[in-house]
Amino acid sequence: IKGRNLIVQRERWLKYTASTKISFKPETIEEAGLTCHYDTKTYLRLGLQNNQGKLKLVLEECNYGRKKVIYEVLDVKLKALYLKVDVNMLKRSFFYSYDGKNWLPAGVVENASYLS
């Protein structure tokens, strides 16, 4: 493992939107994205991954160590990518965009109570 970088903002509100812009080309199994994080075994992550030379966007749920892919976008265009999560109480709605204006759905978790 070369290195891990993490920027964290504690969740203090019941309704909010968080977004980020990434410009990233994974060459191995690296990943970059946006995470709703409780601990290392409990999180929701929308991440850009290398898929045998092509990029894919994956929404993954890890609920007390049990991982599940909720949504995948195969063959993502290689350029800057915007990621967003809308939080409304226990509901988490994820989106992605190539321009930061036109958002495409990337999956929804209706009840993310395990994150609190």
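This is a predicted model: local features need pLDDT of at least 70, side-chain atom pairs count only at pLDDT 80 or more; totals for chains, interfaces and linings use all residues.
Residues are numbered from 1 along each chain as its sequence is written, and side-chain values use heavy atoms, with hydrogens and water left out. Local features need pLDDT of at least 70 and side-chain atom pairs count only at pLDDT 80 or more, whereas totals for chains, interfaces and linings use all residues.

## Two open sheets

Strands here are DSSP runs of E of at least two residues, numbered from the N terminus, and two strands pair if DSSP finds at least two bridges between them.

Another open sheet of 4 strands, with antiparallel pairing, has the order β1-β6-β7-β8. Here the edge strands are β1 (15-22) and β8, each pairing on one side only, and the twist averages 15° from one strand to the next. The antiparallel strands β1 and β6 are connected by 8 bridges, and serine 19 finds its bridge partner in lysine 84 of β6.

## The nonpolar core

A nonpolar core is a set of buried Ala, Val, Leu, Ile, Met, Phe, Trp, Tyr and Cys residues joined through side-chain atoms within 4.5 Å; buried means under 20% relative accessible area, exposed over 50%, and partly exposed in between, with a 1.4 Å probe and protein chains only. The largest such core has 23 residues, and those with the most contacts inside it are Leu44, Leu57, Leu81, Leu83 and Phe94. At least two residues of this core come from each of β2, β3, β4, β6 (81-88), β7 (91-97) and β8 (104-109), and the largest share, 4 residues, is supplied by β6.

Contact means heavy atoms within 4.5 Å. When neighbours within four places in sequence are left aside, the residues in contact with leucine 57 include Leu46, Leu48, Tyr71, Val73, Leu81, Leu83 and Tyr96.

## Buried residues and their surroundings

| Residue | Relative accessible area |
|---|---|
| Glutamine 49 | 18% |
| Glutamate 61 | 11% |
| Asparagine 63 | 15% |
| Tyrosine 96 | 9% |
| Leucine 115 | 11% |

Glutamine 49 belongs to strand β3, and its side chain makes a polar contact of 3.3 Å with the side chain of glutamate 31. A polar contact is a pair of N or O atoms within 3.5 Å; within protein, one must be able to donate a hydrogen and the other to accept it, and residues adjacent in sequence count only if both atoms are side-chain atoms. Between glutamine 49 and serine 93 there are 44 residues of sequence separation and a C-alpha to C-alpha distance of 20 Å.

Glutamate 61 sits in strand β4, where its side chain is joined to that of tyrosine 114 by a polar contact of 2.5 Å. Residues up to four places away in sequence not being counted, glutamate 61 touches Tyr43, Leu44, Arg66, Lys67, Lys68, Ile70, Val109 and Tyr114.

Asparagine 63 also lies in strand β4, and, with neighbours within four places in sequence left aside, asparagine 63 is in contact with Lys41 and Tyr114. Leucine 115, in the segment after β8, is 52 residues from asparagine 63 in sequence but 8.5 Å from it in space, C-alpha to C-alpha. Beyond neighbours within four places in sequence, the contacts of leucine 115 are Cys36, Tyr38, Thr42, Tyr43, Leu44 and Arg92.

## An aromatic pair

A pair of aromatic rings is described by the distance of the centres and the angle of the planes. Rings of Phe, Tyr and Trp (its six-membered ring) pair if their centres lie within 6.5 Å, and planes under 30 degrees apart count as stacked, over 60 as edge-to-face and the rest as tilted. By this rule the count is 1 aromatic pair, formed by tyrosine 96 and tyrosine 98 in an edge-to-face arrangement, with 6.0 Å centre to centre and 90° between the planes. Tyrosine 96 is buried, whereas tyrosine 98 counts as partly exposed because its relative accessibility is 21%.

Definitions and conventions. Axes are lines fitted to C-alpha atoms, for helices over the stretch in contact, and angles run from 0 to 180 degrees between N-to-C directions.
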